[in-house]
Amino acid sequence: RCKNFSVSFWNSYWMLPSDVCGMNCFWEAAFRYDYRKTHPSEKMHLAVVACGERLEETVTMLRSAIIFSIKPLQFHIFAEDQLHESFRGILDDFPYEGKVNYALYPITFPTESAAEWKKLFKPCASQRLFLPLILKNVDSLLYVDTDILFLRPVDDIWSFLGKFNATQIAAMAPEHEEPRIGWYNRFARHPYYGVTGINSGVMLMNMTRMRRKYFKNDMTPVRLQWGEILMPLLKKYKLNITWGDQDLLNIMFYHNPESLYVFPCQWNYRPDHCIYGSNCKEAEEEGIFILHGNRGVYHDDKQPTFRAIYEAIKNYSFGDDLVHSLLQPLELELQKTMHTYCGREYKMFIKQLTKSIRDLYARRSKGR
């Protein structure tokens with residue numbers, strides 16, 4: 001087992017990691033990567049970037065991914081060095097049942113511009129832009145923010161990879177469904193995708209295609225590859241962007257709209273979808289698939305509906321009955337939030353969760 005291994009990129013473009021556990025671990029990791037490359041469908045790869053006070057939130061997200069997913073999961077956790085030991089201590093105690101593996105990585109930016117990338121928007125947030133260049137042997141990847149909760153199997157969003165047409169390299173959801181409250185269409189000082197922009201908190205990537213593609217841009221008539229376009233974009237727009245790396249992705253897909261697959265809002269459901277009244281029709285019909293508690297709503301009292309779901313998943317013990325230990329107590333808590341706009345829609349928050357639990361027990365029953 002080499003769970004403590006931090007990948008070394010052996011490339012002068014990247015800073016070397018501070019923690020390498022020896023050549024035996026290196027060859028073991030290299031073998032794993034070769035295996036993934038030749039068996040790309042056997043694992044779903046999920047990446048997250050955790051800095052500062054995001055340890056608990058990240059672990060809760062990982063728990064939600066484990067509970068319902070069917071195919072094996074490979075977690076790629078990029079974290080500040082001081083968080084690695086805590087992650088290991090928690091994740092090594094998870095009852096994986098052969099279903100999950102993880103790798104920890106240092107926060108890594110191009111050496112000549114590391115300071116600029118680190119201070120862009122939030123600490124470490126722009127790390128996601130470099131995942132195709134760091135995880136060179138990973139074909140496809142689901143990146144999520146730390147404040148994501150899966151209410152149905154990761155397998156279901158992973159299946160969108162098979163729906164990409166020949167030109168699409170990534171999938172994201174719109175930033176807003178209602179232009180009247182949209183941020184990009186009202187305030188942005190840079191190009192953005194579509195009518196209301198896109199939100200990068202849930203980003204599904206075919207990274208093989210991303211590495212190969214030459215992108216149209218407004219800096220040069222020459223098309224640039226992923227590793228060539230990032231720094232010029234930052235230099236051109238750094239005084240005009242508010243949301244950091246998400247803005248850069250919006251600019252990139254504005255110029256290359258054929259490269260983006262847009263999935264519906266219930267795959268990235270945020271407070272903006274309900275705080276002024278419900279505006280995600282797909283969630284109203286089918287329930288919420290992925291909950292995104294941005295703006296810190298899991299940790300304050302502004303949106304108690306979001307916080308109730310976070311607390312329920314955080315406190316759930318693996319192996320306990322999901323109906324009696326999670327779903328039923330959660331529904332009682334959600335009923336207490338009906339004084340808020342989001343709380344009035346509380347049944348939408350547990351509709352898919354209820355189905356996911358039922359489907360999980362049905363799979364277990366068939367497997368006996």
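**Disulfides and a buried leucine**

This predicted model holds three disulfides.

User: What makes the pair Cys-51 and Cys-124 a disulfide?
Analyst: The sulfur atoms of Cys-51 and Cys-124 are 2.0 Å apart. The cut-off is 2.5 Å, so the pair counts as a disulfide. The link is left-handed, with -100 degrees about the S-S bond.

User: Which parts of the chain does the link of Cys-51 and Cys-124 join?
Analyst: Distant ones, 73 residues apart. Cys-51 sits in the loop between strand S1 (44-50) and helix H2 (55-68). Cys-124 sits in the loop between helix H4 (114-118) and helix H5 (131-134).

User: Are Cys-51 and Cys-124 buried or exposed?
Analyst: Cys-51 is buried, and Cys-124 is too.

User: How do you know that Cys-265 and Cys-280 are joined by a disulfide?
Analyst: Their S to S distance is 2.0 Å. That lies within 2.5 Å, so the term applies. This link is right-handed, with 100 degrees about the S-S bond. Cys-265 and Cys-280 are 15 residues apart, and each lies in the loop between strand S8 (260-262) and helix H11 (281-286).

User: Why is Cys-265 called buried?
Analyst: Its relative accessibility is 1%. Buried means under 20%, so Cys-265 qualifies. Cys-280, at 0%, counts as buried by the same cut-off.

User: What makes the link of Cys-274 and Cys-342 a disulfide?
Analyst: Again the S to S distance, 2.0 Å. The limit is 2.5 Å, so Cys-274 and Cys-342 form a disulfide. With 90 degrees about the S-S bond, the link is right-handed. Cys-274 lies in the loop between S8 and H11, and Cys-342 in helix H14 (residues 341-344), so the link ties together parts 68 residues apart in sequence.

User: Why are Cys-274 and Cys-342 called buried?
Analyst: Cys-274 has a relative accessible area of 1%. For Cys-342 the value is 0%. The cut-off is under 20%, so Cys-274 and Cys-342 are buried.

User: Why is Leu-291 called buried?
Analyst: Leu-291, in strand S9 (residues 290-292), has a relative accessible area of 0%. That is under 20%, so Leu-291 is buried.

User: Which residues is Leu-291 in contact with, leaving aside neighbours within four places in sequence?
Analyst: They include Asp-147, Ile-148, Leu-149 and Leu-151. Also among them are Tyr-269, Tyr-298, Phe-306, Ile-309 and Phe-349. Contact means heavy atoms within 4.5 Å.

User: What separates the C-alpha atoms of Leu-291 and Ile-148?
Analyst: A distance of 5.7 Å. Along the chain, Leu-291 and Ile-148 are 143 residues apart.

Conventions. Residues numbered from 1 in each chain as written. Predicted model: local features only at pLDDT ≥ 70, side-chain atom pairs only at ≥ 80, totals over all residues. Heavy atoms only, no water. Helix = DSSP H or I, 4+ residues; strand = E, 2+ residues; numbered from the N terminus. Buried < 20%, exposed > 50% of the residue type's maximum accessible area, 1.4 Å probe, protein only.
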